[in-house]
Amino acid sequence: MLAAMPANLYALGAIALWATLASLGVALKNIPPFLLTGLALMIGSLPSWPLVLRDRRAWAVPPRTLALGIYGLFGFHFLLFIALRHAPPVEANLVNYLWPLFMVVLAPVLLPKMSLRPLHVLAALLGFAGAAIAILGARGDAGAAATSYWGFVPALGSAFIWASFSLWTKRAAAFPTSAIGLFGLVSGALALACHALLEAPVALSVRDGVLIALTGLGPLGAAFFLWDMALKRGDARQIGILSYITPLASTALLMLVTGRPPSWSIALAAMMIISAAVLGTRVR
């Protein structure tokens, strides 16, 4: 039990940083998503640079592992930023945070020697019901245009990507935590290339620069290193349960930042999603 404590603390650190991501994404909605993703991920890779300068093996990973890192870091954040621009941000944030539940449901599919029990199916249905309430509840908001609902698709996609990435890293060949910096650097460079090809250039203000730096050093940087250390050192089930704190903290902070008053649909959806995730990880 004592040996698991440091891992749980690492996980809680990652969770605290991820709780700020949606609010930072909304605050930076004027920045094109490829540009924001690229800059933040490259800044997030900075902590590992001194390590690789001392020892090149700090970034020594097989091409397949590097591709997995790009899939997780680049794919997840780009889809999340798209969702926050094209759907009501609170509801999109809740749908995105189905990823802890997806980890439970997809585990038997992506990891060997695991089975899906009826309890997990019930949890999946409860979680998706919560997501549906969040989406349908958005229709009552005067500011939510009918054309915005396609934004829930990338939110769901980001949830799937992070869940599958987290599970596949447990099957990948062992790699040092410092390699997370390589994942971020390459993913960031890819995003900036897409920005140059597909997006119009924009001028960044001092405020934008500060917020992008905070995004990169926090939820798109240090959080990844902490998450990897937690998964390597601790019980994945315990860490998964802790991760269900994230949607509640993230949504509460987002509502505070956007000045949106609480609503029954948001409260009920949050309760159902978190309850489903906890239910899905219970051992019977």
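A residue is called buried when its relative accessible area is under 20%, exposed when over 50%, and partly exposed in between, with a 1.4 Å probe and protein chains only. In this predicted model, local features need pLDDT of at least 70 and side-chain atom pairs count only at pLDDT 80 or more, while totals for chains, interfaces and linings use all residues. Residues are numbered from 1 along each chain as its sequence is written, and side-chain values use heavy atoms, without hydrogens and water.

Helix α6 (residues 89-96) is mostly covered, with seven of its eight residues buried. These are Val90, Glu91, Ala92, Asn93, Leu94, Val95 and Asn96. Helices here are DSSP runs (H or I, at least four residues) numbered from the N terminus.

**Packing of α5 with α9**

The axes of α5 (residues 63-86) and α9 (residues 152-168) approach within 8 Å and cross at roughly 160°; axes are lines fitted to C-alpha atoms over the stretch in contact, with angles from 0 to 180 degrees between N-to-C directions. The two helices are therefore roughly antiparallel (angles over 145 degrees; under 35 is roughly parallel, 65 to 115 roughly perpendicular, the rest oblique). The crossing is left-handed, the near helix being turned anticlockwise from the far one by less than a right angle.

Contact (heavy atoms within 4.5 Å) involves residues including Leu68, Gly72 and Phe76 of α5 and Ala155, Trp162 and Phe165 of α9. By class, the residues of this contact are 15 nonpolar, six polar and no charged. Nonpolar covers Ala, Val, Leu, Ile, Met, Phe, Trp, Tyr, Cys and Pro; charged covers Asp, Glu, Lys and Arg; the others, Gly among them, are polar.

**Packing of α3 with α5**

Helix α3 (residues 33-44) and α5 have axes that come within 9 Å and cross at roughly 135°, and they are therefore oblique to each other. Here the crossing is right-handed. Pro33, Phe34, Leu36, Thr37 and Leu41 of α3 meet Leu73, Phe74, His77, Phe78, Phe81, Ile82 and Arg85 of α5. This contact has nine nonpolar, two polar and one charged residues.

**Aromatic pairs**

Rings of Phe, Tyr and Trp (its six-membered ring) pair if their centres lie within 6.5 Å; planes under 30 degrees apart are stacked, over 60 edge-to-face and the rest tilted. The count comes to 14 aromatic pairs. The rings of Trp18 and Trp162 have centres 5.7 Å apart and planes at 80°, so this pair is edge-to-face. Trp18 lies in α1 (residues 5-18) and Trp162 in α9, 144 residues apart. Both Trp18 and Trp162 are buried.

One aromatic cluster is formed by Trp18, Phe76, Tyr97, Trp99, Trp162, Phe165, Phe224 and Trp227.
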